[in-house]
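Please examine the sequence and the three-dimensional structure shown below. The paragraphs after them are meant to be read alongside both.

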Amino acid sequence: MDKNKASTSRDTFSDRSLSTFKDSDWSFVPSVTDLSAREFDIYRDSMQPVLIRGGCSSWKACQRWSPDYFEKIAESVTVPIKTLTNGEIKVSSWQLAEYARFVMEAQPCKDGDSTSIATASPYCHDIPLLGVIESLAEDCQPFPADFLSPSYRQHWWRYSQFFMGPEGTVTPLHFDTLLSHNLFFQIFGTKQFTMLPPSQTAHCGRRGWRWFDVDPEQPDYARFPEYKLTTPAVVTVNAGDILYMPPGTLHHVRSLSTSISFAIDFHTKQSVLDALARSNEGMPSEVIYYNAIAALSVISDVSERITFPLYKQYLSYIS
């Protein structure tokens with residue numbers, strides 16, 4: 001598969017690879033205001049998403065970070081910017097300061113057209129910015145490192161992927177490619193997540209390994225009549241909130257305003273074993289490789305000094 005394309009052809013994949021994931025067939029996401037590491041483990045181990053309202057609101061990042069802030073601190077940093085058009089992901093290089101100015105100048109959709117910007121707007125999406133500008137991690141304290149597996153904790157920012165974009169940017173329905181846990185931090189602005197449990201994969205028009213053709217905001221029941229059988233949960237994630245999503249969670253994400261956020265994909269021993277067990281069910285070879293590296297880290301306790309240089313390319317992987 002071309003790394004720079006989300007395949008537009010309908011490939012045949014076994015939906016069993018996700019439907020066998022344990023989940024509680026949830027149709028809503030619980031919201032809490034405080035969560036200890038032990039309490040978080042209960043949600044994680046039961047494959048239950050959870051929203052922690054205000055979970056990172058005390059961070060300096062929530063007071064400092066904005067497009068204007070990144071224009072000032074970016075200096076000569078160059079980042080890949082993605083534009084999604086008709087199922088194809090095109091990547092171009094921008095100066096981060098230039099992109100921050102673009103975001104500040106971008107106009108929201110007019111006349112109720114909620115889709116036009118989604119297929120045309122350049123999006124700073126899924127890039128390892130905190131690993132490039134490591135001082136940004138200082139703005140994210142106290143960081144809940146105990147939520148992560150031990151091998152990710154010491155240098156958690158190296159594993160993060162950063163998002164910044166204008167109002168209206170959309171990531172279509174998909175699941176995270178490694179079938180890993182996802183801890184998502186909303187820093188600036190608001191996003192709306194439409195989420196479905198992995199058991200409902202077969203009802204969503206799967207395309208390729210991890211993309212789906214159903215638009216949860218405007219489902220075409222003529223093309224996808226089985227989508228009526230799903231129980232999507234719609235969650236609004238505000239600045240200062242933390243969202244946890246279990247492995248295989250299908251999610252469609254819309255920026256309701258100019259938005260800045262980052263996420264960390266991480267494996268536990270169980271999740272990486274589950275992922276590797278599905279390696280022969282259509283998983284791309286690159287994904288098998290990165291999951292194998294993660295297994296060395298979380299199962300075999302191989303030093304991060306050895307594993308991270310091998311894993312690092314995943315943070316810029318496009319699939």
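Predicted model: local features only at pLDDT ≥ 70, side-chain atom pairs only at ≥ 80, totals over all residues.

Residues are numbered from 1 along each chain as its sequence is written, and side-chain values use heavy atoms, with hydrogens and water left out.

The secondary structure of the protein consists of ten helices and 15 strands; helices (H or I, at least four residues) and strands (E, at least two) are DSSP runs, numbered from the N terminus. Of the 319 residues, 55% are buried, where buried means under 20% relative accessible area, exposed over 50%, and partly exposed in between (1.4 Å probe, protein chains only). A contact means heavy atoms within 4.5 Å. Among contacts between residues at least 6 apart in sequence, 81% join residues at least 24 apart.

Seven strands build an open sheet of mixed pairing, in the order β1-β2-β13-β8-β15-β6-β5. Because β1 (31–32) and β5 (124–127) each have a single partner strand, they stand at the edges, and one side of each is left without a neighbour in the sheet. Two strands are taken to pair if DSSP finds at least two bridges between them. Helix α5 (residues 96–105) lies across β5 and β6, running at about 45 degrees to β6; axes are lines fitted to C-alpha atoms, for helices over the stretch in contact, and angles run from 0 to 180 degrees between N-to-C directions.

Strand β15 (residues 259–266) includes S259. With a relative accessible area of 1%, S259 is buried. Which residues does S259 touch, not counting residues up to four places away in sequence? They are F163, M164, G165, Q186, F188 and K191. With Q186 there is also a polar contact between the two side chains, at 2.9 Å. A polar contact is a pair of N or O atoms within 3.5 Å; within protein, one must be able to donate a hydrogen and the other to accept it, and residues adjacent in sequence count only if both atoms are side-chain atoms.

On a 1 Å grid over the protein atoms alone, a cavity is a set of points where a 1.4 Å probe fits but cannot get out, and lining residues have an atom within 4 Å of a point. Grid points are joined across faces, edges and corners, and a volume is the space filled by probe spheres set on the points. A search of the whole structure finds four cavities of 30 Å³ or more, and about 270 Å³ of space lies in the largest cavity. Its lining comprises 24 residues, of which H125, D126, F163, H174 and D176 are the closest to its centre. The elements giving two or more residues to this lining are β5, β6, β7 (170–174), β8 (181–188), β9 (191–196), β14 (250–255) and β15.

Among these elements, β9 is largely enclosed by the rest of the structure, because five of its six residues are buried. Five bridges join β9 to strand β12 (residues 233–237) in an antiparallel arrangement, with A233 in β12 as the bridge partner of M195. Six bridges join β9 to β14, and these two strands also run antiparallel. There T194 stands opposite H252 of β14.

Most residues other than glycine have a negative phi, and most peptide bonds are trans. D126, in strand β5, has a positive phi near 60 degrees, and at 19% relative accessibility D126 counts as buried. M47, in the loop between α2 (37–45) and β2 (50–52), has a positive phi near 55 degrees; M47 counts as buried at 9% relative accessibility. A cis peptide bond joins Q141 and P142, with omega about 0 degrees, and P142 is found in the loop between α6 (129–132) and α7 (150–153).

Finally, A275 lies in helix α8 (residues 269–276) and is buried, with a relative accessible area of 0%. Not counting residues up to four places away in sequence, A275 touches L178, L179, H267, M283 and N291. A275 and L179 are 96 residues apart in sequence, yet 5.9 Å apart in space, C-alpha to C-alpha.

Definitions and conventions:
1 Å grid on protein atoms, 1.4 Å probe; cavity = no way out; pocket = protein on both sides within 12 Å on 5 of 7 lines; lining within 4 Å.
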